[in-house]
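Subject: Structure handover

Hello,

Here is the structure for you to look at. My notes on it come after it.

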Amino acid sequence: MTPLLSPAGLVTADLTLYWVTAVLYAAAAASYVLRLVFGGDRWARWSARATWAALVVNTVQLAVHWYRAGHAPYISRLEVVTSTVWLIVVLFLVVQRRTPELAAAGAFLLPVATLALGFVGTAATPAVGAPPLSFATVWLGIHVVFTQLFVGCALLAAGLAFLGLTGLAARPGAVAMRVPQGRAADDLIYRFTAAGFFFLTIMILAGSIWANHAWGRYWGWDPIEVWSLICWLIYALKLHLIRTFGWKGGRLAWLSLAALGVALFSMFGVVLVYPSIHGSYMVK
Amino acid sequence: MAAGSFAGPLGRTLRSPRLAIALLAAFAAACLVGNLAPQVGIAGADAVAAWQATHPGLAHLLRLIDGFSLFTSGWFLVLTGLLALSTLACTIDQFRRVRRSAAHPPVGAEGARLLPPAPTREILLGLDQAAAARRVAEALRRLGLRVRPADPRAASAGQADVPVLAVRGETVGLGRWSSPLFHLGLVLLFVAVIAGALTQWSTTLLLAEGGAFDPAKQPAHGDPGQADGSRPALAGRIPPVMLIEHLPRYQLKRYQPDAASRLQVGGRPQFVSMGRPLTLGRLTLRQARRYGALAEVVIRPAGSPSSEPALVRRATDSPPPDFGGPVERPDGSYQAGLVFVNQENAERQERPLYLPMLGGTATFRLVPQATAANYRLPLYQRFQLAMTFTPDAPASQASGPTGTAASPAALPAQRLLRPGESLSLGGWTITFPSLRYWTTFTVTSTPLTPVFFLLSWLCIGALGLGLFSPPRWVEAVVLPAPQGRGTVLRYHVMAGRGGAFFAERTHLALSRLEEAQE
């Protein structure tokens, strides 16, 4: 039997915890959808329990992985996705505590998180990469954390848009949960978009400072930099369309989902499609 | 911009939100097009040519719009300039409007022009006026609002004879400065980028281990590292730099082929590595890339005394020479140099070298010698040289000074040489003294970096103001009920985009007053 703290034992523990996390998030996602559709305290309790359980296991898995890799979880695709899911769920729980009406967004957010974990878990290797010296800077930590916060806000905005578009917000369970609808939902979408834009701006600025440390220039029109700029422009455009031109309802919801698509591609897809200086670090 | 011209047709066009939206969309689309194909300035001309060969149709279209160097093309720069001008015009306009609204805080219907209000609502409370006003103030405070007595005009229009108590709960309201300050930060950042490009300069130093660069000295002939005509006069601008040694310890990923160098800058010992630049006041010294490693081998007749001196390291030994073949030296021995471009290539590339005195070809390869590991990060202290010898056909019996040819039967398949070690081959001895490295350093002066930092913080701070202090307020009045039983609470919430949820929370909080008395 492999000792738990041996390298092989740590890999096994890491992967086992990863899949337990994914299964628990899947359970949480299912209970949020059932809560939204049928309502009732029972589903509310189960959704909260499953989310907290998944978050605890996710935290332990990240700690094990961090110990195994010897660096913070932001090098490989597996690390990036698990740490992003962790931060997004923490953000969701914090927001939900402040405004319980937003619990309904879990019916969109947690399925997306589960799919991301499942996809990456089957496609990526559990290998850990060696971080270059240029990673030993606080700016990289700021860059990564704010990227994840931005993705969290974009997902929450898109989640509210999704609930409105699919009519889920009008289901009995949603009504019982006081899910924001109409102008209140548009208002929340705007606020999450504004918060996401704030985080995205910090992410780009911190990234440019790190790029200057690592490569000697603040901006180099590298594909991932250009896609971050495109993402920033799309979110700026969205804010202008809401504030100045009064976009709301279906148009705003579709725009939110499209903006989320651009955001996810910019953050996770570009390194798979383009030969980018950022992607060279990643263990696929 | 003068007020007159700002109000003119050009000013009106530039501050038009439609133009701003169109320019933002056009800029995003241009960036997208710039990502369809590799760019000459980023991927290199070879990559662009290869892409053009595989996508002839799209390449033809992209050539029409300068799509392979799009980010430096004229039309892209014009688009960027227009976007900056539009932002500037909108910023001025926003400042004017915010200043007006700050000087004359909107009340009631005036405020409605700025922030569309939720409809006025009424609640019947079974309390006297003072108690009702107190309860309302408490409820508004619980919502995080600053509460103060208000102008009762807001809700008492048409009932001037009725005694009313009015309260106003509001957020701090600095958020109204968010958008103009953010846009101002963007415009200034744009100006600073242009000014920074005009004022910054950089130079490159190509140094061999043990070599030094002294800006006060005239560049030597044949020293490309110091005779770069494009550099500014460096005397007095940068200190003398000496590369003491490389520390090839880190086996890193691509773009970080090797890391650390010990330097002496201005007489002081320093340490610099890839991704860890050295800041010297306004200067930044950065290890750009390792140029190459040179393995030298010395071939002498077996039994001759080794008089090999330590490697002579000269400041002007750059770029590294490639001998091409063994060079006969005055003492009758031969010297051969084998250049490995960088560590990553060295692990893959083999360097064949025909050795006529041995009658065959020796193939050399650098092999990293791992001596320790830190977690999963292997540390390499030095390299070994792996040599494989392939003799010519049996007819080839070249003879050296001793008249001894290499005997195929006596040759090992592959031999590893540690630095300083020798091996015997036929009547010859091959010695591998050690490796030498060359490195490119860049020295950059960016005097406006603190300005970039300040402006970045301005942008972030301005966005934060908008997020954490949005302009919202609630105006509430408490009137005597018409039938003389209790009071009527009449209120409306003033909140712009992003405030409807706040309005709902306010309605919920105030309606609880009604529920509480039931």
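Predicted model: local features only at pLDDT ≥ 70, side-chain atom pairs only at ≥ 80, totals over all residues.

Residues are numbered from 1 along each chain as its sequence is written, chains are lettered from A and ligands numbered from 1 in the order in which they are written, and side-chain values use heavy atoms, with hydrogens and water left out.

Chain B overall

Chain B has 14 helices and 21 strands; helices (H or I, at least four residues) and strands (E, at least two) are DSSP runs numbered from the N terminus. Of the 518 residues in chain B, 46% are buried. Here buried means under 20% relative accessible area, exposed means over 50%, and partly exposed is in between, with a 1.4 Å probe and protein chains only. The accessible surface of chain B is about 25500 Å², and 58% of that belongs to carbon and sulfur atoms. Accessible areas come from the Shrake-Rupley method with a 1.4 Å probe, and for residues only the protein chains shown count as cover. If one takes the contacts in chain B between residues at least 6 apart in sequence, 68% join residues at least 24 apart; contact means heavy atoms within 4.5 Å.

Strands of a sheet pair through backbone hydrogen bonds, either parallel or antiparallel. In chain B, five strands make an open antiparallel sheet in the order 1-21-20-3-2. Strand 1 (121–125) and strand 2 (146–149) of chain B are the edge strands, each with a single partner, so one side of each has no neighbour in the sheet. On average, neighbouring strands of this sheet are turned by 20° against each other, direction ignored. Axes are lines fitted to C-alpha atoms, for helices over the stretch in contact, and angles run from 0 to 180 degrees between N-to-C directions.

Two strands count as paired if DSSP finds at least two bridges between them. Nine bridges link strand 20 (residues 472–480) and strand 21 (residues 487–495) of chain B in the antiparallel sense. V478(B) stands opposite L489(B) in strand 21 of chain B, and V474(B) has V493(B) as its bridge partner in strand 21 of chain B. Strand 1 and strand 21 of chain B also run antiparallel, joined by five bridges. There, I123(B) has L489(B) in strand 21 of chain B as its bridge partner.

How covered is strand 21 of chain B? Nine of its nine residues are buried. On one side these are T487(B), L489(B), Y491(B), V493(B) and A495(B), and on the other V488(B), R490(B), H492(B) and M494(B). Helix 9 (residues 129–142) of chain B lies across strand 1, strand 2, strand 3 (165–170), strand 20 and strand 21 of chain B, and runs at about 165° to strand 20 of chain B.

Salt bridges

Over all chains, the structure holds six salt bridges. A salt bridge is a side-chain nitrogen of Lys or Arg within 4 Å of a carboxyl oxygen of Asp or Glu.

R490(B) is in strand 21 of chain B and E122(B) in strand 1 of chain B, so the pair ties together parts that are 368 residues apart in sequence. R490(B) is buried, with a relative accessible area of 16%, whereas E122(B) is exposed at 52%.

Another pairs D93(B) with R15(B), at 3.8 Å from N to O. D93(B) lies in helix 7 of chain B and R15(B) in the loop between helix 2 (9–14) and helix 3 (17–34) of chain B, so this pair ties together parts 78 residues apart in sequence. R15(B) is partly exposed, with a relative accessible area of 22%.

In chain A, E225(A) forms a salt bridge with R217(A), with the closest N and O atoms 3.1 Å apart. E225(A) is buried at 7% relative accessible area, while R217(A) is partly exposed at 22%.

A nonpolar patch

L58(B), L61(B), L64(B), I65(B) and W75(B) make a nonpolar surface patch of about 480 Å². Patches are made of residues with over 30% relative accessible area and no salt bridge, where like charges are joined within 9 Å and nonpolar side chains (Val, Leu, Ile, Met, Phe, Trp, Tyr) within 5 Å. Helix 6 (residues 56–64) of chain B gives the largest share of the patch, three residues. I65(B) sits in the loop between helix 6 and helix 7 (74–103) of chain B, and is partly exposed, at 35% relative accessibility.

Regards
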